[in-house]
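Subject: Structure handover

Hi,

Here is the structure I promised to pass on. Please open it next to this email and follow along.

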Amino acid sequence: MKEREKEWRRKGMKINIKQIWVPLNRISPFLINAVLIAEDDKFWHHKGIDYEAMKEALERNLKKKRYAYGASTITQQLARNLYLSPKKSIFRKLKEIAIAIQLEMHLDKRRILYLYLNVAEWGEGIFGAEAASIHYFGKHASDLTPEEAVRLAAVLPSPRRHSPLDNSPFVERRAAIIYEIMLKRGIVEHEREL
């Protein structure tokens, strides 16, 4: 948030941060599951680092000859959000890994997920699930429908470029994939209404 405020000041923008902390039991299980599927499907099984995903990202980055894929777990994203800048570099990635390992050693998974869902960026000046739910859908995070939840989760890779309200191919495609996985796992029980 401090990095964003500095960025806005440099650009002469006046944006107020919207953030409302809520416990996990006041966040829709649809949103929790959608975020886990979208951002870190192995969250409950790793210790902060998904080495397999990092290897795949490294291979893809080498093929593209640029740093395009990061393969950060939710714990790594939390480490970055709390302690590091959003600027991509190998040194930041190494610090992110070290902090993520420490977070996993000192916090349980539910606490990490709680913190992440309350600090994740969901748009210009919008941080946390509750602020995002109110901003985009006019309701509390606990009241989100499965369709709203998957749309919020779909934009997490680039929340300042995409809105959950967009009908862009990126948002539509990611939301459909997340919803399909939720359907297959029995998290939702009906086909999406289009």
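This is a predicted model: local features need pLDDT of at least 70, side-chain atom pairs count only at pLDDT 80 or more; totals for chains, interfaces and linings use all residues.

Start with helix α2 (residues 29-39) and helix α8 (residues 146-154). Their axes come within 8 Å. They cross at roughly 35°. The crossing of α2 past α8 is right-handed. On the α2 side, the contact is made by F30, L31, A34, V35 and A38. On the α8 side, P146, A149, V150, L152 and A153 take part. Sorted by class, this contact has 10 nonpolar residues, no polar ones and no charged ones.

**The sheet**

Next, the strands. Three of them form an open sheet in the order β1-β3-β2, with mixed pairing. The edges are β1 (18-19) and β2 (121-123). Each has a single partner strand, so one side of each is left without a neighbour in the sheet. Strand β3 (residues 126-127) runs antiparallel to β2, and two bridges join them. Within that pairing, E121 stands opposite F127 of β3.

**K109**

Now a lysine to look at. K109 lies in helix α6, which covers residues 109-119. Is K109 buried or exposed? K109 counts as buried, because its relative accessibility is 14% and the cut-off for buried is under 20%. Its side chain has polar partners. A polar atom of the K109 side chain lies 2.5 Å from the backbone oxygen of F43. The side chains of K109 and E104 are joined by a polar contact of 2.9 Å. Leaving aside neighbours within four places in sequence, K109 is in contact with F43, W44, H46, G48 and E104.

**H135**

Last, a histidine. H135 is found in helix α7 (residues 129-137). Its relative accessible area is 40%, so H135 is partly exposed. That class sits between the buried limit of under 20% and the exposed limit of over 50%. Which residues does H135 touch, not counting those up to four places away in sequence? They are K18 and I126. H135 and G123 are 12 residues apart along the chain, and their C-alpha atoms are separated by 9.6 Å.

**Where to look**

For a quick tour, begin at the crossing of α2 and α8. Then go to β3, joined to β2 by two bridges. Finish with K109 in α6 and H135 in α7.

Best wishes

Notes: Residues are numbered from 1 along each chain as its sequence is written. Side-chain values use heavy atoms; hydrogens and water are left out. Axes are lines fitted to C-alpha atoms, for helices over the stretch in contact, and angles run from 0 to 180 degrees between N-to-C directions. Helices (H or I, at least four residues) and strands (E, at least two) are DSSP runs, numbered from the N terminus. A crossing is left-handed if the near helix is turned anticlockwise from the far one by less than a right angle, and right-handed if clockwise. Contact means heavy atoms within 4.5 Å. Ala, Val, Leu, Ile, Met, Phe, Trp, Tyr, Cys and Pro count as nonpolar, Asp, Glu, Lys and Arg as charged, and the others, Gly among them, as polar. Buried means under 20% relative accessible area, exposed over 50%, partly exposed in between (1.4 Å probe, protein chains only). A polar contact is a pair of N or O atoms within 3.5 Å; within protein, one must be able to donate a hydrogen and the other to accept it, and residues adjacent in sequence count only if both atoms are side-chain atoms. Two strands pair if DSSP finds at least two bridges between them.
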